[in-house]
Amino acid sequence: MKLSLNWIKKYIDLPEAITPKQIAYDLTLRTVEVESVENTAEKFHDIVVGKILEIKAHPNADALRICIVDIGLAEPVQIVCGGSNLYEGEMVVVSKPGAEVVWHGEGEPVVIKETKMRGEYSYGMICGAEEVYLDKLFPPENDHAIVDLKGVDCKPGQNIADVIEMNDTVIEIDNKSLTNRPDLWGHYGIARELACIYDVPLKELDKVEIDSTLPKYNVEILEPTKCQRYVGVEIENVYEKESPMWMKAALINGGMRPINAIVDITNYVMLAVGQPTHAFDRTHVKGEKIVVRNAKQGEQLLLLDDNCIDLTEDDLVISDTESALALAGIRGGKKDSILPETTGVLLEVANFTAKTIRKTGKRFDEKTDSSIRYEKNIDTERVDLGRDMALMLFKELFPESKVVKYNDVYPVKTEREKIDVEQEFLDVRLGKVIPSETIIKVLTAVGYDIDFDGSVYHVTVPVWRSTGDVSLKDDVMGDIARLLSFESFEAKPLPVNFEHAVHQNTALLERRLREYLAYRCGMNEIFTYPWIEDKYIYAAKIDVTKSIKLATPPSPESAILRSSLVPGMLEAISKNLRYMTNFKMFEMAQVFEKGEYHPSSEEETLPVHKKYLTGSVVGKDAKAIFYEAKGIIENMAEYTHMEGLHFVKGERPTWADVNAYLDIMRGETKVGTLSLVSVQTMMDSKIKRTNVAVFELDFGLLVPFASRTNEFEHLPVLPLVEKDLSLLVDESTTWADIHSTIKAKVKEVEFIEEYRGNQIPEGKKSIVLRLRLSNDDGMLTSEQINSKVDSIVKSLNNRFGITVRAE
């Protein structure tokens, strides 16, 4: 969505020192994510208004003309031009040397220079609309037409940005960041947020008093659950004409194209307050009656883009007494178009439910500016803002216009949410105590009504946030935190103490299984969607009565969540067989069953989750691939450090061959199955001219061995000193005895060798130890090393009678 900063300034007076860059930064931190900021005047530098004073033939080119042009300098300049609509006295757009234009509207901008064209000097360039970004304001009649500023209030030398009111800043917002904020899909909603951020007042929008004596326009809502409000206003003495320049500029900077004054008014209102509106030619509404209804069986609608669609009985349409006029909230029909002969309109300002618009838009692949806003769930009171602004604009652009009929059918009203928020809840969740005066001020600034009794804030949510956006006290807390700015909360480092290694045996087992299958077994890991096409589920003959169906599936044939990984594996095999004949694949992922699963608290209820591991071996030799799959399972425990698995003949899986199938067991517990895939299942899965062996394991039933306990130890700060020690030891003395005696006196001790021979007394043996010594206070001196070695020898001698062997 694009925002015009000039438009925003109509609703709030921003602090003078605030720059567009700072506004973008503050919006990103507190409200929505800003993608870019553009100064719209920058691209019009050195592009000015010129007046053609004289036109002469070019002596060397029939298609070119020599124009003498007044561009506000001391003397007129000469410009060579090939425009098809040149005439003396014409006000044109001139690019001076240094200006950047897009040559014929294509490619990158080029810099204009003084030059010669076919031998004649040319100061600059008289431009076409596409060359200077004006094609939306001045649509060209042909490729050679230049911009004719006839009727535009301007003078020679005036920068074109000033003429077309393009001295503006456009802020582009990432739509994903405001998808849950229906109140922000218009300039007024963003202005409300900025008013709170900068602590400035938000200007109220003007209201229009509707004459209560007006005749009622006949409006009937047959589907109040889909259309919660419909305002119909018949206005006469309006006709097709161009909008004023200020409105065209606002629409362009808001991301839309000006069309004509009537249509531009409806689009301007939508961009201003976020309320879509629509204007019908009143003479096209047969029977002078609007009926909001579901489409009839077999009914068709010809849209404005000449696309004829076949409606269903679930589609909401706006119709007259004869036929459908428009697809409600999405797109108008060709029958209701504003035409050159239009003299009056029926203005529609309505509220349609989000679900209705989303379903119909998805069915016809229609996404419009109007439907995008309705899909966010607009409140019914927004209709008042849209109606009043539209009526004021009609009066401003068509002073002779007159409202002749009016009706407001209002079956369902948006009720304001009421939420109690405890002070203690805010103190704990926000991480600091915020004064109640600050909280009340912040929330009031964005439309909340607050009643604070000393410990609880009784909050009434503004109507424009009461359509699902704010319904919990956590939502209120979120508004407080973001509007105060997350920067205002001091970051506190989390205390972290490394005391011992954390062993997650289950997580390690999962990793070892993946590595075993990928590296040792040469299998490729695949990832499939949790929803599976029905044909593969039925091919595997999975019992779907225990499966979970999605309320809004990605497609009608993919509505079932997997309760086994086998159907997804069958689909992957079918697709990969187009490129290879022998391959091995595996997948480890969650499966889902009916039931209740509470991952973090009793309030959070999800279906039952299980993690399965499925693998497949594909090849022509059925016996070979079955034994290969069996070998993968047999060696799995040894290489992944888990309890062993074995096979028994058990119950045949629904997708298995009648002869080649086995249950996979851990002790007495069945943890999975191994089988060749049956011919019928392969046929139903479009698996041809090959054989498939598949195994499936319940990962949750696999038991990893307990890991040894490791201890963390710092690396030595100073280098260790090595000292080899040759000792004479009794045969009965073990290495373990020696190690336990001296380990506290050294950093490390290593057994090097053991020797028995003629030089060694009977009943004795010679061993060599390598000692590694250190001192945390500094490098060891020779004296300190000898002292430590003497202490070690003395300890060994006292306990075991060990002596240093003479060389």
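Biologist: Where does Thr-368 lie?
Modeller: This is a predicted model. In it, helix α7 covers 354-364 and helix α8 covers 369-374. Thr-368 belongs to the loop between α7 and α8.

Biologist: Is Thr-368 buried or exposed?
Modeller: The relative accessible area of Thr-368 is 12%. Buried means under 20%, so Thr-368 counts as buried.

Biologist: With which residues is Thr-368 in contact, leaving aside its neighbours within four places in sequence?
Modeller: Thr-368 sits in the loop between α7 and α8. With the neighbours within four places in sequence left aside, the contacts of Thr-368 are Gly-329, Ile-330 and Arg-331.

Biologist: How are α2 and α4 oriented to each other, roughly parallel or roughly perpendicular?
Modeller: Helix α2 spans residues 20-30 and helix α4 spans residues 187-197, and their axes are 11 Å apart. The packing angle is about 95°. Angles of 65 to 115 degrees count as roughly perpendicular, and α2 and α4 are therefore roughly perpendicular.

Biologist: How many nonpolar, polar and charged residues has the contact of α2 with α4?
Modeller: From α2 come Ile-23, Asp-26, Leu-27 and Arg-30, and from α4 come Ile-190, Leu-194 and Ile-197. By class, this contact has 5 nonpolar, no polar and 2 charged residues.

Biologist: Are Cys-196 and Cys-227 buried or exposed?
Modeller: The relative accessibility is 14% for Cys-196 and 0% for Cys-227. The cut-off for buried is under 20%, so Cys-196 is buried and Cys-227 is buried.

Biologist: How many disulfides are there?
Modeller: A disulfide is a covalent bond between the sulfur atoms of two cysteines. The rule asks for a pair of cysteine sulfur atoms within 2.5 Å. By this rule the number of disulfides is 0.

Biologist: Which are the edge strands of the open sheet with 7 strands?
Modeller: The strand order is β27-β30-β31-β35-β34-β33-β32, with mixed pairing. An edge strand here pairs on one side only, which holds for β27 (524-525) and β32 (646-648).

Biologist: At about what angle to β30 does helix α13 run?
Modeller: Helix α13 (residues 505-520) packs on the sheet and touches β27, β30 (583-597), β31 (606-619) and β35 (691-698). Its direction makes an angle with that of β30 of about 150°.

Biologist: Which residue in β34 is the bridge partner of Ile-664?
Modeller: Strands β33 (residues 656-666) and β34 (residues 669-677) run antiparallel and are joined by 7 bridges. In β34, Ile-664 has as its bridge partner Gly-672.

How values were computed
Residues numbered from 1 in each chain as written. Predicted model: local features only at pLDDT ≥ 70, side-chain atom pairs only at ≥ 80, totals over all residues. Heavy atoms only, no water. Axes fitted to C-alpha atoms, helices over the stretch in contact; angles between N-to-C directions. Helix = DSSP H or I, 4+ residues; strand = E, 2+ residues; numbered from the N terminus. Parallel < 35°, antiparallel > 145°, perpendicular 65-115°, else oblique. Contact = heavy atoms within 4.5 Å. Nonpolar A, V, L, I, M, F, W, Y, C, P; charged D, E, K, R; others polar. Buried < 20%, exposed > 50% of the residue type's maximum accessible area, 1.4 Å probe, protein only. Pairing = 2+ DSSP bridges.
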